[in-house]
Amino acid sequence: MSGVEGYMYPNEITLNWSVLIVLYPYITGLVAGAFILASLVRIFNVKAVAPTYRLALLTALSFLLVAPLPLQLHLGHPLRSPEMYFTPHSTSAMAMFGFVYLWYLMAVLVFEIWLDYRSDIVHLSQTTTGWKGRLYRAMTLGSDNLSPRSLAIDHKVGWIVTLVGIPSAFILHGYVGFIFGSLKANPWWNSPLMPVVFLFSAMVSGIAAVLLIYMGISKLRKTSIDMPCVDTIAMYLFYIFILDFSLEMLDLVHRVYEADESFRTLNFMVHTRLYFSQIVLQICIGTLVPIFLLAIVQVKKLPEIVRKRIYVVSGCLVQIGVFAMRWNVVIGGQLFSKSFLGYTTYKVSLVTKEGLLMAIVLTILPLVILWGLVKLLPPWDDEGQASIPAATAAN
Amino acid sequence: MSLSKDAGHLFRFAYLFVIAFAVFLVIRHFVVPKTFGQYGHYRGAAIAEIAARPMHFAGHQKCELCHSDIAEAKKAGKHENVSCEACHGPLANHADDPSIQPTKIDTTVLCIRCHADSAAKPGVFPQIDPVQHSGGVPCETCHQPHNGL
Amino acid sequence: MLPAAAIAWKYVLAGTPEDSPNYTKTDHWWSMLIDIPKCIGCGNCVRACAAENDVPDGHFRTWVERYHVTDYHLANPEVISPDGGKEGFPAVPKSAGGEEGFSAAPEDAGKYFFVPKLCNHCEDSPCTQVCPVGATFVTPDGVVLVDQTYCLGCAYCVQACPYGCRYIHPEKKVADKCTLCYHRITKGLTTACCEACPTGTRQLVDLKDPNDPIHTFLKTHSVQVLKPQMATGAKVFYNELDGSVR
């Protein structure tokens with residue numbers, strides 16, 4: 001059999017979960033991470049990062065809207081997916097997806113964005129014409145009440161929504177880690193640490209993504225970057241990254257020390273088929289280099305231009321590293337045989353439904369949606385400065 | 001009263017959820033298959049559907065209804081416990097309509113599959129080296145396939 | 001070797017084809033016995049299953065593995081399964097005039113045996129646990145089946161099976177696997193693989209039938225299941241399964 005080394009059970013030779021299943025946790029990870037950054041403002045009162053508050057929420061929404069697409073493209077019968085809503089199997093973590101997704105989309109993200117933007121929406125509904133005006137009027141739900149009391153109520157309710165949103169974001173992304181971590185059949189995936197590692201790397205990727213998008217949009221709009229803001233974001237990114245790296249190393253050290261029956265085959269796989277994606281991309285380029293760069297910024301006083309370059313480079317390397325981590329988990333888990341006697345190869349197709357081209361399209365699509373959302377609900381006021389949340393303006 | 005005035009928009013948002021949930025329940029009532037949950041968390045009718053799939057092997061009992069003479073001959077020899085279709089292949093179509101003739105077996109190929117010599121096979125199983133033993137002559141030249149003599 | 005097969009045969013002979021309406025699911029608890037010392041690796045079972053169930057090429061509802069264990073290191077068996085064992089296995093040359101079962105070349109030395117594998121129809125099946133919609137299930141008579149009109153094709157069950165017995169059907173795009181020939185056993189016939197096996201290696205067992213002679217066999221022989229540490233409640237029993245089998 002081509003691409004097979006050693007012995008694989010005959011049905012294991014072709015992989016069932018493709019690059020799209022790698023993309024899905026990467027995308028929901030960005031959602032969770034961006035939301036956590038936004039919650040820093042609302043719940044933890046980190047005022048410094050307020051300029052990115054609205055942008056983080058819109059980023060989360062853009063990626064969340066795209067998240068079901070890789071799953072639908074992967075399913076053999078996507079039109080049957082409503083069955084997960086009508087007859088969810090309570091023992092299956094995957095059955096939770098539909099409900100957690102809907103909850104997070106409507107009761108957390110859309111609700112919070114709506115509450116924060118409501119005064120803007122009402123103003124825009126009164127001043128805009130055409131189909132856009134009609135859209136704004138629909139979004140007001142027929143209410144134009146902008147009295148101080150109603151705005152105060154919005155602020156309080158929004159606070160509760162964000163508070164509920166934090167564990168919701170954890171569940172939205174953590175359950176994906178649980179889908180892998182709960183399978184006793186696959187020793188590469190089976191670990192109670194899996195949901196936790198997924199979550200922390202999600203936070204790292206999401207925060208870095210908002211950092212990159214904020215800096216990118218500011219450059220495009222030729223507005224100045226709020227340095228205290230990005231410096232604070234980079235600080236949080238650094239500390240969460242340390243936590244994430246520690247957890248991943250804990251998993252690794254534990255495996256090496258315990259050396260159970262699966263260790264030899266997994267170790268061989270990491271040193272051969274996963275060498276580039278795990279050692280080079282995920283650990284060295286995707287984790288150690290950005291941690292090192294961000295650490296320098298924390299300990300040394302560097303000029304603004306140098307810090308900006310470091311943030312951009314680190315942000316990009318982080319994306320590569322976190323994507324590589326998802327790749328190593330999903331693809332790596334299918335490259336070795338459950339007989340522990342062999343390995344297969346993943347032949348990525350290019351232009352099929354689950355191919356590389358589709359993966360690239362699905363990665364770019366959220367940015368296109370974000371562009372549309374930014375046009376519809378500008379995260380900055382007319383002076384061109386990033387809007388701070390209505391609540392802090394009212395304080 | 002002023003609460004509902006100042007929080008009215010929130011109630012409207014909540015109503016959206018209530019309406020959506022109600023619509024969901026109605027759709028669910030019509031879409032979930034009737035036999036779902038009959039025996040467990042699955043569509044009960046699936047069991048009968050799977051049980052009704054067509055067969056390609058008739059089963060030796062069916063062969064013996066017509067070919068009782070061969071069945072008797074088999075009982076006398078070493079192939080007593082080898083079922084008819086193990087060698088003749090799936091023949092449910094022939095059992096249903098005897099005018100359909102089964103394909104003639106090529107003994108030079110068939111018998112070798114089981115009886116070719118290999119150190120991997122259990123030692124007690126009768127094995128021969130096809131070249132040394134018969135030199136390519138069809139097995140049925142000297143052996144009776146049904147009673148294995 | 002032969003008497004045990006004869007006992008099983010008489011049981012199969014005794015069963016008369018019943019119509020499905022007379023079949024009471026709760027009267028049966030299906031299982032299979034695989035007698036390793038009898039398997040000759042002819043591949044009849046793999047071919048029969050493919051013919052009976054229209055199994056697509058390159059995918060297997062059942063397959064046969066050949067193990068070659070050269071020393072006491074049970075952790076290093078050499079395993080092959082060329083096209084699932086469908087056309088049998090390449091011969092291992094015997095030593096000229098040597099004892100039966102021992103081969104000529106040093107690298108061919110050691111013990112060989114064949115292990116037919118299929119879905120184990122687990123009592124606590126992990127595949128049923130993870131299905132998000134209830135498309136795969138355990139019937140009241142102990143057979144794990146897939147409702148292919150309900151399956152989404154998400155492949156979670158394929159990932160969850162420790163034995164590698166499931167696959168996604170390339171045309172139907174749903175999960176597929178051994179059904180223990182449910183359409184045959186509910187009519188008093190045996191499975192296609194058991195029907196085609198010439199040596200009585202594979203025998204269908206009804207664990208709820210007191211007259212099933214395999215019950216005595218299970219109590220008087222050394223039987224194992226695959227991967228017992230997974231606690232799947234696997235119901236396919238192997239007689240004299242070697243410690244090197246994966």
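Me: Is A:Ile233 buried or exposed, and why?
Reply: The model is a predicted one. In it A:Ile233 is buried, because 27 other C-beta atoms lie within 10 Å and the cut-off for a buried residue is 20 or more.

Me: Where in chain A does A:Ile233 sit?
Reply: A:Ile233 belongs to helix 9 of chain A, which covers residues 227-258.

Me: And which residues is A:Ile233 in contact with, leaving aside its neighbours within four places in sequence?
Reply: The contacts of A:Ile233 are then A:Leu37, A:Val49, A:Thr52, A:Ile207 and A:Leu211.

Me: What about A:Glu112: what separates its C-alpha atom from that of A:Ile233?
Reply: The two C-alpha atoms are 21 Å from each other, and A:Ile233 and A:Glu112 are 121 residues apart along the chain.

Me: Turning to chain A as a whole, how many helices and strands are there?
Reply: Chain A contains 15 helices and two strands.

Me: What does the C-alpha trace of chain A span along its principal axes?
Reply: The span of that trace is about 70 × 55 × 35 Å.

Me: How much of chain A is buried, and what of its contacts?
Reply: Of the 395 residues in chain A, 46% are buried. Among its contacts with a separation of 6 or more, 80% are between residues 24 or more positions apart.

Me: Now chain C: what is its secondary structure?
Reply: Chain C has seven helices and 11 strands. Buried residues account for 57% of its 246 residues. Of the contacts in chain C between residues at least 6 apart in sequence, 65% join residues at least 24 apart.

Me: How many residues of chain B are in contact with chain C?
Reply: On the chain B side there are 35 residues, in contact with 48 residues of chain C.

Me: Which helices of chain B supply at least two residues of that side?
Reply: They are helix 3 (45-51), helix 4 (60-66), helix 6 (84-88) and helix 8 (107-115). Helix 3 of chain B gives the most, with four residues.

Me: And by class, what does the side of chain B that touches chain C have?
Reply: That side of chain B has 19 nonpolar, 10 polar and six charged residues.

Note on methods. Residues numbered from 1 in each chain as written. Chains lettered and ligands numbered in written order. Predicted model: local features only at pLDDT ≥ 70, side-chain atom pairs only at ≥ 80, totals over all residues. Buried ≥ 20, exposed ≤ 12 C-beta atoms within 10 Å, placed from the backbone. Contact = placed C-beta atoms within 7 Å. Nonpolar A, V, L, I, M, F, W, Y, C, P; charged D, E, K, R; others polar.
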